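Visitor: Please take a close look at the packing inside this structure. I would like one connected account, going from single residues to the parts around them.

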Amino acid sequence: MNSPRAWVSALCIAGLGLASPAWSAGQSPLQLERVVMLWRHGLRAPLPTEAAAEPRAGEAWPSWSTPASLLTPHGRAALALSGQYQRTMLQAADLLPAQGCPAPGQVFVWANTVDRTVASGEVLAGALTPGCATPVQHLPMDQTDPLFNPIEAGAVDFDAAEAVRVIDRETGGVQALVAPEGEAVRAMQRVLGCDDRRPEARCTLQTGEAALRPGADGRGLAMRGPIDVASGTAQVLALQYAEGLPMTEVGWGRARMTEIASVSRLHALLFEVYARPSYMAQRIAGPLSARLLQLLLSADAPAVSLLIGHDNNIAALTALLGVGFQFPGYGRNDPPVGSVLLLERLRDPASGRRYLRVRYEAQSLDQLRELAPLTQRSPPLTLTLPLPGCHATGQGLCELDAAAAWWRRRLYGRW
């Protein structure tokens with residue numbers, strides 16, 4: 001099996017500042033030359049096994065009209081609004097034409113081989129290039145794409161026992177991860193209607209000591225405890241709110257925005273185990289990073305590229321870059337549904353220097369719920385993520401060579 005080094009010859013990342021088509025470094029305005037977008041798919045119905053925590057006895061989870069795991073009609077509409085906002089900003093930067101369709105090869109869209117990612121790619125392609133035949137490319141649907149699922153595809157070396165050792169060393173173990181999150185656990189218990197004083201209201205949130213071990217086949221990981229039980233449940237609560245379910249159905253009427261934001265951290269803890277530790281990030285983000293590099297730096301690469309994957313892809317890539325994030329209404333390091341990591345290449349025309357910048361953008365839960373149009377006056381939530389190893393400027397700009405050196409150290413070294 002291949003190591004991450006076999007997939008990546010040189011690595012660097014930048015982020016797209018969409019508020020303006022140019023930024024100043026010294027006296028010269030910077031020109032936006034190229035944009036690569038890594039998207040999390042749009043709003044979907046819950047996965048079949050996602051709501052692992054059981055609510056109070058006698059209460060059932062609300063049903064969804066959309067089959068499990070698929071993009072909902074509401075999710076399609078919300079994702080289209082995000083794509084339309086991106087089109088406006090990219091037109092202002094002259095990376096998309098103001099009228100008509102882009103030239104052949106100007107826009108590239110690649111999706112993972114899952115229904116919701118392909119559907120998200122189709123929505124985004126239609127929003128960015130309305131009325132144009134912009135294809136959404138992907139592998140055959142019965143194949144595992146190594147860009148998004150490199151461990152499952154056998155594209156990288158993976159030793160489950162070593163993964164557990166590294167995760168435990170860097171996190172202190174899953175019990176240590178859970179320990180500071182007492183308020184999030186209590187918020188989840190309140191939403192579920194748990195009450196240890198009343199046996200009929202007991203829930204399965206607490207299932208003994210949290211633990212992580214290699215899977216039976218040696219290729220996966222097995223976890224027990226509150227993270228395993230509650231992470232998916234936390235995501236379901238956010239999906240219910242964003243989908244626009246009546247508030248009487250969002251957490252059985254017990255989930256306000258404060259609870260949804262608090263339990264979001266329990267969803268993020270899943271990535272603190274499975275995506276953000278160095279052993280996991282170097283493997284999950286390795287093949288994807290090689291592709292991002294090619295799209296950012298090759299002379300004949302498209303001006304605008306979209307890759308549509310999942311929350312763990314964004315979690316692993318940001319960890320590899322050495323950055324964390326938190327949007328209002330979400331837990332720390334929890335990638336919002338329909339969010340996009342924006343990677344850009346900028347050039348100073350006076351000096352010829354090239355810069356990299358990373359931004360992360362997401363619709364707020366209320367914007368998703370209300371299908372609010374996105375404009376410069378009412379923009380999505382946006383974070384600038386300066387790379388810590390390249391002495392980024394106040395605008396988050398990082399010289400290409402310094403960013404590439406930082407990237408290599410993170411990819412190949414011990415953190």
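Packing inside the model

Guide: Leaving out residues up to four places away in sequence, serine 278 touches Val166, Glu170 and Trp415. The model is a predicted one, and what follows should be read as such. Serine 278 belongs to helix 10, which covers residues 278-284. Its relative accessibility is 5%, so serine 278 counts as buried.

Two arginine-ring arrangements can be taken up from here. Tyrosine 279 has arginine 283 over its face, with 3.6 Å to the ring centre. Trp415, one of the contacts of serine 278, takes part in the other: the charged end of arginine 410 sits over the ring of tryptophan 415, at 3.8 Å from its centre.

Met280 is one of five residues, with Met188, Leu221, Leu266 and Leu307, that touch the most other members of the largest nonpolar core, which has 93 residues. Helix 8 gives the most to this core, contributing nine residues.

Leucine 221 shows what such a position looks like in detail. When neighbours within four places in sequence are set aside, its contacts are Phe158, Ala160, Ala163, Val164, Ile167, Leu212, Arg213, Gly215, Tyr274 and Met280. There is also a second, separate core of 31 residues, and Ala80, Val136, Leu342 and Leu346 are among its members.

Helix 8 deserves a description of its own. It runs over residues 226-243, 18 residues in total, and spans 25 Å from first C-alpha to last, close to the 26 Å expected at 1.5 Å a residue. Of these 18 residues, 17 are buried, so helix 8 is largely enclosed by the rest of the structure. After the helix comes glycine 244, with a positive phi near 90°.

Leucine 237 is a residue of helix 8. With a relative accessibility of 1%, leucine 237 counts as buried. Beyond residues up to four places away in sequence, leucine 237 touches Trp61, Met188, Val191, Val250, Gly251, Ile260 and Val263. Two of these contacts can be followed further. Met188 is among the residues that touch the most other members of the largest core. For valine 191, the separation from leucine 237 is 46 residues in sequence and 9.3 Å in space, C-alpha to C-alpha.

Serine 262 has a relative accessible area of 18% and is buried. Not counting residues up to four places away in sequence, it touches Glu183, Ala184 and Ala187. Between the C-alpha atoms of serine 262 and proline 180 there are 12 Å, although the two are 82 residues apart along the chain.

Aromatic pairs come next; the structure holds five of them. Phenylalanine 108 and tryptophan 110 are a stacked pair, with 6.4 Å centre to centre and 20° between the planes. Phenylalanine 108 and tryptophan 110 are both buried. Phenylalanine 325 and tyrosine 360 also form a pair, but an edge-to-face one, at 5.0 Å centre to centre and 90° between the planes. Phenylalanine 325 is in the loop between helix 12 (311-321) and strand 7 (340-347), while tyrosine 360 is in strand 8 (residues 354-362), so this pair ties together parts 35 residues apart in sequence. Phenylalanine 325 and tyrosine 360 are both buried. Ring pairs also bring in Phe327, making a cluster of Phe325, Phe327 and Tyr360.

Covalent links complete the account. Two disulfides are found in the whole structure. One of them joins cysteine 101 and cysteine 132, with 2.0 Å between the sulfur atoms. It links distant parts of the chain, 31 residues apart: cysteine 101 is in the loop between helix 2 (73-92) and strand 3 (107-111), and cysteine 132 is in the loop between helix 3 (115-128) and helix 4 (150-153). The torsion about the S-S bond is about -100°, so this disulfide is left-handed. Cysteine 101, at 44% relative accessibility, counts as partly exposed, whereas cysteine 132, at 18%, counts as buried. The other disulfide is formed by cysteine 390 and cysteine 398, whose sulfur atoms are 1.9 Å apart. Cysteine 390 and cysteine 398 are both buried.

Conventions. Residues are numbered from 1 along each chain as its sequence is written. This is a predicted model: local features need pLDDT of at least 70, side-chain atom pairs count only at pLDDT 80 or more; totals for chains, interfaces and linings use all residues. Side-chain values use heavy atoms; hydrogens and water are left out. Rings of Phe, Tyr and Trp (its six-membered ring) pair if their centres lie within 6.5 Å; planes under 30 degrees apart count as stacked, over 60 as edge-to-face and the rest as tilted. Buried means under 20% relative accessible area, exposed over 50%, partly exposed in between (1.4 Å probe, protein chains only). Helices (H or I, at least four residues) and strands (E, at least two) are DSSP runs, numbered from the N terminus. A charge sits over a ring if NZ of Lys or CZ of Arg is within 6 Å of the ring centre and within 35 degrees of the ring normal. A disulfide is a pair of cysteine sulfur atoms within 2.5 Å. The expected span of a helix is 1.5 Å times one less than its number of residues. A nonpolar core is a set of buried Ala, Val, Leu, Ile, Met, Phe, Trp, Tyr and Cys residues joined through side-chain atoms within 4.5 Å. Contact means heavy atoms within 4.5 Å.
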